[in-house]
Amino acid sequence: MSHYRSSFLQVLEARGLIHQLSAPAALDEALGAPGERVVSAYIGFDCTAPSLHAGSLVQIMLLRWLQRCGHRPIVLMGGGTTRVGDPSGKDEARKLLDEEQIAANLAGIREVFARYLTFGDGPTDAVMVNNADWLLDLDYIDFLRDYGRHFSVNRMLTMDSVKLRLSREESSLSFLEFNYMILQAYDFVELHRRYDVSLQMGGSDQWGNIVTGIDLGRRVQGAQLYALTTPLLTTASGAKMGKTASGAVWLNPQMLSPYEFWQYWRNTEDADVGRFLRLFTELSIEEIEHLSALQGAQINEAKKRLATEITALAHGPEAARQAAQTAAQAFEQGSAAQGLPTVVVELAQLEGDGLGILDALRQAGLANSNSEARRLVTGRAIKVNDEPIADPTARLDTSRLDSNGVIKLSAGRKRHALLKPQ
C-alpha cells in the first residue's frame, strides 16, 4: 500500500520510476488525490537528432502517466538550449547545430510525442513549447543582472556534470556549456510564469540542474517548485539503454523499422523482463508479476509480450502485430518474410562473380567489419536463405535470389536481413 495520496506518485512508485523527490510530502499534497486538481509538469528534450531513441522512453512514459493520472504534461523542446549543449553525463562537447538542423530535428521529435500524448486545449491536454521563444530574445546584460547574480560559481563547480568535464584534460568544459544550467534553471522559471508549471522531471543526472531551477524560482518569484528524477537506467549486464552494436534504437519508423524496434525488445535479457514491463508498458502490476514469474523457455513468451506492448505504444497496435508476425515467420517458420530489415544493393554486385559473403554481411548490418564477419562464418553462425554457410570466400550471385527476389541473410537465430537488388 503506497503512502502517497497522488495517483501519479502511486503509479511511479509501483513501477520503480522514482529516484529522488524534492519535498516529497509537499509535492504529494500539491498533486492531490485523483481528480482533486491539475498540476502542470515538464521535461526538456534537446533537438540533437531527428528522433528520440529508446533511452528517452522512461521520460516519455513519465509524461504519459502524468496525463493518464489527470495532470497536464508540458513537452519543452530545447530549440534554444540545443545551441549550447547540455554537458550532463557527456565526456565531450556536443557538435553545435545550425538553425535549420535544429528545426528539422524538432519536427521529427514532435512525431514521437504525438503517439504517446494527447495534445489540445483542454485542462489536461499536453502542450509542446520551444525555449527558443524566450531564450533567443534575451538581452545578455539584463539577463546577467537579473538572474546571473543568483548563481554561485562555487556551487556550480560542485555539480557532477561540471566536475566530470573539468577532470578531463582532453575535453575541457567550454564557457558556453557552463551556461547550460543557468538557462535550464531559467526555463523552469519561465514555464512557471507562462504555464503555471510547478514540477520538473528528468533523469537522475539532471537533479542538480533541476534543483538550481527550484532555487531560482524561489529567489525571483517566491514560487514553490518541485523536482522528480528517475533512476539511471542500464540493462542487467550494465549496457546503456537505447544503444546497440549497430546504433541507436530510434523511436521514429523512418530511422528504425517497427520490426527492428520490436526485435530489440524481444532480445531483452531475462533479468530485465520484469523491470522493463514496469517501466515501458501499461500492463497491470498483477499481469507483470505473472509474466515476470515465467521460467525457462516460457520467458520468451514474456519477452514477446514486452516487445509487442512497447511497439504498440511507439508505432501503433497494427505495426506491433505485423512485427510479431514477421518475427514468427522468420524464426519459427524459417521463411524470408516481408517486413525484415531490407538492404538495397546494386544488381551489378550480384552479377558475374557475385558479392562476397563478408561484404554482404557488412552491408546488411549483421557485422561491423570483415574480421567480425569472418568469425561469424567460420563459427557456423551464418545462413543464406536458411542454408548454413561456412566458407568465408563464398559469394552471392543472382542464383541465390528467392521467389520474392531477395536473399535472406541470418546471423544466429535472432538477427536477419534481406538483400534486395535494384
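Mentor: A residue is buried under 20% relative accessible area, exposed over 50%, and partly exposed in between, with a 1.4 Å probe and protein chains only as cover. Here 50% of the 422 residues are buried.

Trainee: What kind of model is this?

Mentor: This is a predicted model, in which local features need pLDDT of at least 70, side-chain atom pairs count only at pLDDT 80 or more, and totals for chains, interfaces and linings use all residues. Residues are numbered from 1 along each chain as its sequence is written, and side-chain values use heavy atoms, leaving out hydrogens and water.

Trainee: What pLDDT does the protein average?

Mentor: pLDDT is the predictor's confidence in each residue, from 0 to 100. The protein averages 87, and 90% of the residues score at least 70. Look also at residues 89-93, where pLDDT stays under 50. For that stretch the model has 12 contacts beyond four places in sequence; a contact means heavy atoms within 4.5 Å.

Trainee: How many helices and strands are there?

Mentor: Helices (H or I, at least four residues) and strands (E, at least two) are DSSP runs, numbered from the N terminus. This protein has 19 helices and 15 strands.

Trainee: What radius of gyration does the protein have, and what would a compact globule have?

Mentor: The radius is taken over C-alpha atoms, and the globule rule is 2.2 Å times the number of residues to the power 0.38. For 422 residues a compact globule would come near 22 Å; the protein has 24 Å, which agrees. Along the principal axes, the C-alpha atoms fill a box of roughly 75 × 50 × 40 Å.

Trainee: Which residues of α13 are buried?

Mentor: Val273, Gly274, Phe276, Leu277, Leu279 and Phe280. That is six of the eight residues in α13 (residues 273-280), so the helix is mostly covered. Its buried residues pack against α3 (57-68), α12 (258-266), α14 (285-292) and α15 (299-315).

Trainee: Now the surface. How much of it belongs to carbon and sulfur atoms?

Mentor: Accessible areas come from the Shrake-Rupley method with a 1.4 Å probe; for residues, only the protein chains shown count as cover. The total is about 19500 Å², and 49% of that belongs to carbon and sulfur atoms.

Trainee: Which residues make the nonpolar surface patch of about 310 Å²?

Mentor: Patches are made of residues with over 30% relative accessible area and no salt bridge: like charges are joined within 9 Å, nonpolar side chains (Val, Leu, Ile, Met, Phe, Trp, Tyr) within 5 Å. Tyr140, Ile141 and Leu144 make this one. Tyr140 lies in helix α6 (residues 140-146). Tyr140 is partly exposed because its relative accessibility is 48%.

Trainee: On to charges. How many salt bridges does the rule count?

Mentor: Side chains of opposite charge can pair when their charged atoms come close. The rule asks for a side-chain nitrogen of Lys or Arg within 4 Å of a carboxyl oxygen of Asp or Glu. The count comes to 17. Take Glu190 and Arg194: their closest N and O atoms are 2.8 Å apart. Both sit in helix α10 (residues 180-195), four residues apart, about one turn. Glu190 is buried at 8% relative accessibility, while Arg194 is partly exposed at 44%.

Trainee: Which side chains meet Asp215 in salt bridges?

Mentor: Arg218 (2.5 Å, N to O) and Arg219 (2.8 Å, N to O). An α-helix has 3.6 residues a turn, so residues three or four places apart point the same way. In helix α11 (residues 207-221), Arg218 is three residues from Asp215, and Arg219 is four residues from Asp215. Asp215 is buried at 15% relative accessibility. Arg218 is partly exposed at 47%, and Arg219 is partly exposed at 45%. Elsewhere, salt bridges that share partners join Arg5, Glu29, Glu36 and Arg37 into one network.

Trainee: Last, the backbone. What is the phi of Ala23, and what is the phi of Asp196?

Mentor: Most residues other than glycine have a negative phi, and most peptide bonds are trans. Ala23 has a positive phi of about 45°. Ala23 is in the loop between β1 (20-21) and α2 (24-31), and is partly exposed at 39% relative accessibility. The phi of Asp196 is also positive, near 55°. Asp196 is in the loop between α10 and β5 (197-203). At 54% relative accessibility, Asp196 counts as exposed.
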